[in-house]
Amino acid sequence: MNFFSFIWNYYYLTRPESIADPTRNITIGNFFCVPSLYAPSKLLVKLRHWLGLNKKTYEEAGVDVEGNSPGSYKEPGIGWMTGFLFVTSFVGLLALVPLRKIMIIDYKLTYPSGTATAVLINGFHTPKGDKMAKKQVVGFTKFLSASFVWACFQWFYSGSGTCGFTSFPTFGLKAFKNSFYFDFSMTYIGAGMICSHLVNLSLLAGAVLSYGVMWPLIEDRKGVWFPSSLPQSSMKSLNGYKVFISIALILGDGLYNFLKIAVFTARTMYLTSRKMPKTNPEENDQPRDDCELNEVFLRDSIPFWLAATGYMLFSIVSVVVIPIMFPELKWYYVVVAYIIAPSLGFCNAYGAGLTDMNMAYNYGKVALFVLSAMSGKHDGVIAGLVGCGLIKSMVSISSDLMHDFKTGHLTLTSPRSMLVSQAIGTTIGCVVAPLTFFLFYKAFDIGNPDGEYKAPYAIVYRNMAILGVQGFSALPNHCLQLCYVFFSFAMVANFARDVCPEKIGKLIPLPMAMAVPFLVGAYFAIDMCVGSLIVFIWHRVDKQKANLMVPAVASGLICGDGLWILPSSILSLARVNPPICMNFVPTKST
């Protein structure tokens with residue numbers, strides 16, 4: 001297990017596409033199907049922003065820059081990083097446990113990674129005489145092999161920088177510049193086959209609205225809305241619109257559903273207290289298999305008092321320990337963080353259930369910006385970066401646990417077993433992740449802007465904290481107004497879907513799904529829609545076979561693509577680079 005964690009953690013720490021594209025979160029750990037195996041690699045990803053605290057990044061940001069106050073840095077260390085993980089990671093495991101039934105059974109969220117894992121497990125444990133299961137296993141194996149071979153083939157042309165099939169200008173170079181291209185990702189195609197058509201079309205709608213309309217129009221306002229001298233990656237430039245507008249959509253959608261669930265839960269508790277019969281007309285219409293899955297999932301319940309008590313105890317420990325480790329982050333800020341963490345965790349888990357995208361880093365950015373602004377120019381940078389890690393850890397782990405609950409639901413596994421397994425993995429990760437991080441931090445020149453391991457997210461997070469110290473007024477013009485508009489749109493769209501589900505509700509895109517391409521890019525939505533198109537055509541040709549084989553084929557595509565990452569990371573560790581760089585340039589005018 002340690003060797004596995006070592007290789008996988010090395011990949012996540014050093015690969016430039018992993019750092020630049022946080023959405024590639026469907027990992028090879030899903031293939032091994034044991035939460036205790038891949039929890040360490042998840043925790044290492046949550047440590048990446050700590051590089052923004054070190055002295056090298058502090059100096060790169062500019063010692064004379066307003067907000068980057070003297071001495072506002074802290075070098076990574078095994079002791080304090082391990083302690084921080086221990087006091088923050090377990091809170092996320094308990095935050096959403098009481099909502100597992102609502103997310104998995106009532107909302108029927110797909111959680112594509114969890115579903116793919118369950119299909120793999122069920123295929124290996126089904127009796128040999130079951131012809132249907134045999135077909136699924138054979139189909140899964142075929143497409144896993146094909147996906148693995150294709151990923152291997154792509155590696156030879158990936159070279160360095162924007163090379164290979166992942167940068168293929170499918171619709172032309174101008175469209176490619178605006179991220180409209182097909183990147184041949186079997187992972188995203190498989191996820192698109194599992195997600196519903198509504199989710200995939202919502203992703204495409206968000207891509208067209210953002211990268212097809214809004215960002216080009218805002219880019220044309222350069223020099224008027226924001227300084228033309230700034231790069232697009234600056235939070236005072238185009239990237240500021242991308243980040244905060246996507247967050248506004250996510251928060252609007254997630255908070256609406258959270259409030260709806262709170263009202264529904266309160267109403268149910270009230271009816272139960274009055275001993276009124278609870279009826280569910282849809283329950284009798286459920287397939288027999290679904291009823292059996294739901295029965296097993298609910299049989300080994302996790303008491304609400306246990307989750308609530310554990311959450312409070314771990315929160316109290318964090319409130320005491322974290323301000324001692326980081327005096328810049330006041331104890332009352334930590335209290336507020338743990339009060340709002342369940343609602344933010346629900347928003348993220350709900351979005352992950354729809355799109356398989358863990359957007360915890362976005363919520364971390366919000367916490368970073370707000371805490372930096374509230375803490376002032378002397379303590380703002382460190383308080384913001386620490387608060388970012390606090391929120392991101394809790395929100396991300398809650399979403400990861402829901403993926404595991406989905407796997408447990410489909411494999412007739414006790415939710416208690418999944419929770420205990422995740423807790424074991426988290427404990428191991430709290431020790432292994434800092435050791436691995438520190439090993440490479442000392443062995444390589446991590447964070448050198450001119451070196452091989454640039455760690456670009458370090459300076460990004462640092463600059464965001466500096467921007468937060470300067471306040472919301474430092475954001476580009478009309479950014480907050482646009483956030484208000486999209487937050488309101490998310491609330492109204494969800495309300496319309498609930499009030500008129502048959503007439504106009506089915507035509508309204510999902511705001512949570514729309515938000516992902518706003519920040520990630522249109523290529524992801526195109527890949528997902530290709531998966532949806534395959535399912536649509538397959539159902540037209542042979543609906544019965546499609547219903548049987550789509551989950552197995554999609555799981556094979558996801559797992560095969562993820563499986564290649566292991567040999568790829570070994571090659572990277574051995575300093576073996578791809579021999580060819582396939583790139584595309586415009587023809588010279590004659």
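Trainee: How many disulfides does a search of the whole structure find?
Mentor: One. Keep in mind that this is a predicted model.

Trainee: Which residues does the disulfide join?
Mentor: Cys 163 and Cys 581, with an S to S distance of 1.8 Å. The link of these two is left-handed, with -60 degrees about the S-S bond.

Trainee: Where do Cys 163 and Cys 581 lie?
Mentor: Cys 163 is in the loop between helix H9 (131-155) and helix H10 (173-177), and Cys 581 is in the segment after helix H24 (565-573), so the pair ties together parts 418 residues apart in sequence.

Trainee: Is Cys 163 buried or exposed?
Mentor: Buried, because its relative accessibility is 4%. Cys 581 is at 41%, so that one counts as partly exposed.

Trainee: New topic. What happens to H17 at Gly 376?
Mentor: H17 bends there by about 150 degrees.

Trainee: How far apart are the end C-alpha atoms of H17?
Mentor: Only 25 Å, though helix H17 (residues 360-410) has 51 residues. A straight helix would reach 75 Å at 1.5 Å a residue.

Trainee: How many of the residues of H17 are buried?
Mentor: 42 of 51, so H17 is mostly covered. After H17 comes Leu 412, with a positive phi near 60 degrees.

Trainee: And the surface. Which residues form a nonpolar patch?
Mentor: Ile 78, Phe 86, Val 431 and Leu 435, with about 290 Å² of accessible area together. Helix H6 (78-95) and helix H18 (415-443) each give two or more residues to the patch.

Trainee: Which helix is Phe 86 found in?
Mentor: Helix H6. Phe 86 counts as partly exposed because its relative accessibility is 30%.

Note on methods:
Residues numbered from 1 in each chain as written. Predicted model: local features only at pLDDT ≥ 70, side-chain atom pairs only at ≥ 80, totals over all residues. Heavy atoms only, no water. Helix = DSSP H or I, 4+ residues; strand = E, 2+ residues; numbered from the N terminus. Expected span 1.5 Å × (residues − 1). Bend = angle between axes of the 7 residues up to and from the residue. Buried < 20%, exposed > 50% of the residue type's maximum accessible area, 1.4 Å probe, protein only. Patch = residues over 30% accessible without salt bridge, like charges linked within 9 Å, V, L, I, M, F, W, Y side chains within 5 Å. Areas by Shrake-Rupley, 256 points an atom, 1.4 Å probe, with all protein chains shown as cover. Salt bridge = Lys/Arg side-chain N within 4 Å of Asp/Glu carboxyl O. Disulfide = S-S within 2.5 Å.
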